[in-house]
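Welcome to this short tour of a protein model. Take a moment with the sequence and the coordinates before reading on.

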Amino acid sequence: MNAGWEVVIGLEIHTQLATRSKIFSAAPTEYGAEPNTQACLVDLGYPGVLPVLNAEVVRMATMFGLAVNATVAPRSVFARKNYFYPDLPKGYQISQYELPIVEHGELFITDDEGNEKRIGITRAHLEEDAGKSIHEGLDRYSGIDLNRAGTPLLEIVSEPELSSAREAVAYMRKIHTIVRYLGISDGNMQEGSFRCDANVSVRRRGEEKLGTRAEIKNLNSFRFVEKAINFEIERQIELLEDGGTVVQETRLYDSDKDETRSMRSKEEANDYRYFPDPDLLPVEISADYIDAVRRQLPELPAAKEQRFVDQYGIKADDAAILTGSRSLADYFEAVVAATEAKAQLAANWVVGDLSAALNQESLDIVDSKVSAELLAGLLTRIEDNTISGKIAKQVFEAMWAGEGSADAIIEARGLKQITDSSAIEAVVDSVIAAHPEQVAEYRSGKDKLIGFFVGQVMKETQGQANPGQVNKILKAKLGG
Amino acid sequence: MDLYNKTLTELAAGLRDGDFSSVDLTQALLARIRERDPELNAFITVTDELALAAAERADVARSAGNGGPLNGLPVIHKDIFCTRGVKTSCGSKMLDNFVSPYDATVVERLADAGAVVLGKTNMDEFAMGSSNETSFYGPVRNPWNLDCTPGGSSGGSAAAVAARFGPAATGTDTGGSIRQPAALTGTVGIKPTYGRVSRYGMIAFASSLDQAGVITRTAEDAALLLGVMAGFDERDSTSIDEPVPDYVAALGESIKGLRIGIVRQHFDAGLDAECGRKVKEAIGVLQSLGATTVEVDLPNIDLSVPTYYVVAPAECSSNLSRFDGVRFGYRAENAVDLLDHYCRSRGEGFGDEVKRRIMTGTYVLSAGYYDAYYLKAQQVRQLIADDFRKAFAGVDVIAGPTAPTPAFRLGDKVDDPITMYLNDIYTIGANLAGLPGISVPCGFVNDLPVGLHLVGTHFAESTLLRCAHQYQQQTDWHTACPEDFQ
């Protein structure tokens, strides 16, 4: 369908920084409070009030800059973006314009051909969020909630180097992982803490000039980013193939109808009259400060992924999944540290049964009903042959249900694997004695009946006999 | 001697010695304001009850041996300072219904020091004007001649101090709004270094130029008040963390050897000849005290007015955007939609001069004009600041006239903004460069006061106050009282 066309996408990601108070005031940033209860006079834009920069946002922006190998500007400047809207109390938003705090970063994604691809990060700048206009349920009126006004945002702008919706989502996920690793954002997309605008254009393959772009505003899930971009690509290609032209405009994605529609054209766009905010001093960052922040940086996802492969010898795919969030990676490492079992076994369990159980109940790893210590206890018992893998699943379910440690459950339920040869021999003898016909058939060459005998023995021992031993003893006795 | 004729320093001594109480003093001044202010229109709000309650508290504190440095002393605030529970109009219909929920830092510091606030003074709307004629509450009259303006924008504060309604008032100065009215009313007005006094709670006109100061009758009183107001405030990022010297203690030092710079352009054809003569006489007095003079060059000073009228409107166009009728202030009735709400609330709430500056400012910040106007003006501003820096390498203060003429008649310039803007031609440079400046009464022309203007380098308030104080020890211009208000 897209043959002959090349897609060019750039993303502007708005990340809410996880500070306790707002970027320019002491009001709390907590989500979900009653409307207008978390806005102080500064947030309300009262006459005479002045903004004071929250130092924490500078530290967080610096961390981000270092994490994406960017330049942290020694001097950045806050500017006013002027426009009128009821949820913008001062009539201007304090942002950064000509001199942002972070510039020239990069990160790497896997492109559509499976190769590593570098995506440039043009800049990241600090700004304050606006309030929220509420139109639903208010007949003839609009409500304004200014709780969000003044919430700190880091706007991360990519180069237009993403070539598909899939790449765009991959890039966005990487950023999402990084900001959560750094602890600078909770990344909560439902609450709007992590959202993006996508600039999308298409051009005929081989064409040098970029096509006219449309900007899709306020996408707040990975799925919507993918769908909205794909819709927009199709729309633009169809338009151009029919001889039309794309107009530069802002569009909104309607997830119910799965389509984008025009919000305002370039002609209707505001002239924001940016100028340096005279109420705030330039932000000056010393090399010493940057070094101090660098020392506090946690291990980043890419480095951790590589280390998991090198240090634990686990599969690369598992390492990628396990390092998808810092808490999952921490959990995995805690399990490995608490058991003699092989790391790959731990990886299998965390990626497999544990993740499935978490998903089923929509729980985050930090809320797991089975702690790393408990899981490690289970793996130890698999490793030392106390229980088989199959029994382990039963034990895991019991642990999930809150029945205690693996050892306690094995003990209480009598699940300990039977490894005593004389005990197994006794059962084997009784099974042989009880099935003379099958014994005769086996001895006349029907080898596959061994499975039948193993099944009988396991049934007699309620699955607790060591399968390897059962096999060996059966073969010896049947072979007669 | 009547209490109203006493300076702040004299009143402090009287209170200390038990000659009278704060309540006596406050009642006397409130009665005088009630009786005489209708002639001047210097007040927008008189805070009788709050003042008397504060005076009572001050008397109790004094008798218990407590109380701050201004305990029980009367002050008046320009209506640009937010005062909790009191109407804070900024001279505008836009804020006629606005009662501030908080105190400006300046208000808080004076209150903490024990000051008794008598009321809030009239001013040009949002401090935009040089004659007090842009006020929604009508013009203020000059106590020296009721047909004349007291200057602006702190015209109400200057007129109130000149008419002996109180010994001291706060003011704000963006391009000369403390010093020019001080000159036109025969009072002392000081605009400190940018960042010396917190701007928190002072309704912004042009943030990079605005600075709070005081209007008094003596430099000594100005020193006393400024010492309380000045200092770092964590709520204002542009306030500077620099220790505040004891201004009063430094007043007595001689000015022998002080180097005074004279700017040639400040005595050219734009200056009224009689005013020029008075200013030169005043400089002669300073020389007689041991100061020396030298001519200094400020090559770009002629560009200060046009530079100011790009920078100040640009900032004000943005600063005044918050007055949108949504959360506070004037709100047009029966708006049909959002745009109508904005257009009429602002169209009806703001006066002509404010609108003129908002439009000018919006224009100079617009795409395609920003570089030619705003950016260029900022570059020229830097040149002017550099000129001052070079000049101050060789002198301690720069002396000249505060205003080109004595007080002019009400209505004379109101239809001619450019001529009006030229009233601040000698004062604007200090704002653009962030320097402190003071105006001191130095004589009369046609029975109207004339002011001597002194500008110092950053944080040289002490030098300016000392120089003005030493001058006032040799002269009695500041003791003259308008005939009708004796």
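This is a predicted model: local features need pLDDT of at least 70, side-chain atom pairs count only at pLDDT 80 or more; totals for chains, interfaces and linings use all residues.

**Nonpolar cores**

The largest nonpolar core holds 225 residues. The members that touch the most others come from both chains: Phe64(A), Ala168(A), Ala198(A) and Val225(A) on one side of the list, Val397(B) and Ala468(B) on the other. Helix H2 (residues 165-182) of chain A supplies the largest share of this core, with 10 residues.

Which residues does Ala168(A) contact, leaving aside its neighbours within four places in sequence? They are Ile9(A), Leu11(A), Leu162(A), Ala198(A), Val225(A) and Ile229(A). Two of these contacts, Ala198(A) and Val225(A), are also on the list of residues that touch the most other core members.

**Strand pairing**

In chain A, an open sheet of 3 strands runs in the order S5-S4-S15, with antiparallel pairing. Its edge strands are S5 (92-96) and S15 (275-276) of chain A, each of which pairs on one side only. Strand S4 (residues 78-82) of chain A is joined to S5(A) by 5 bridges, and one pair to look for is Lys81(A) with its bridge partner Gln93(A) in S5(A).

Is S10(B) mostly covered or mostly open? Mostly covered: 7 of its 9 residues are buried. S10(B) pairs with strand S5 (residues 188-191) of chain B and with strand S11 (residues 448-456) of chain B.

| Strand pair | Sense | Bridges |
|---|---|---|
| S4(A) and S5(A) | antiparallel | 5 bridges |
| S5(B) and S10(B) | antiparallel | 3 bridges |
| S10(B) and S11(B) | antiparallel | 7 bridges |

Lys191(B) stands opposite Gly437(B) in S10(B), while Pro441(B) has Gly451(B) in S11(B) as its bridge partner.

S10(B) and S11(B) also form a hairpin, with 2 residues between the strands. In that turn, Asn446(B) has a positive phi of about 55°.

How values were computed:
Residues are numbered from 1 along each chain as its sequence is written. Chains are lettered from A and ligands numbered from 1 in the order in which they are written. Two strands pair if DSSP finds at least two bridges between them. Helices (H or I, at least four residues) and strands (E, at least two) are DSSP runs, numbered from the N terminus. A nonpolar core is a set of buried Ala, Val, Leu, Ile, Met, Phe, Trp, Tyr and Cys residues joined through C-beta atoms within 7 Å. A residue is buried if 20 or more other C-beta atoms lie within 10 Å of its own, exposed if 12 or fewer, and partly exposed in between; C-beta atoms are placed from the backbone. Two residues are in contact if their C-beta atoms, placed from the backbone, lie within 7 Å.
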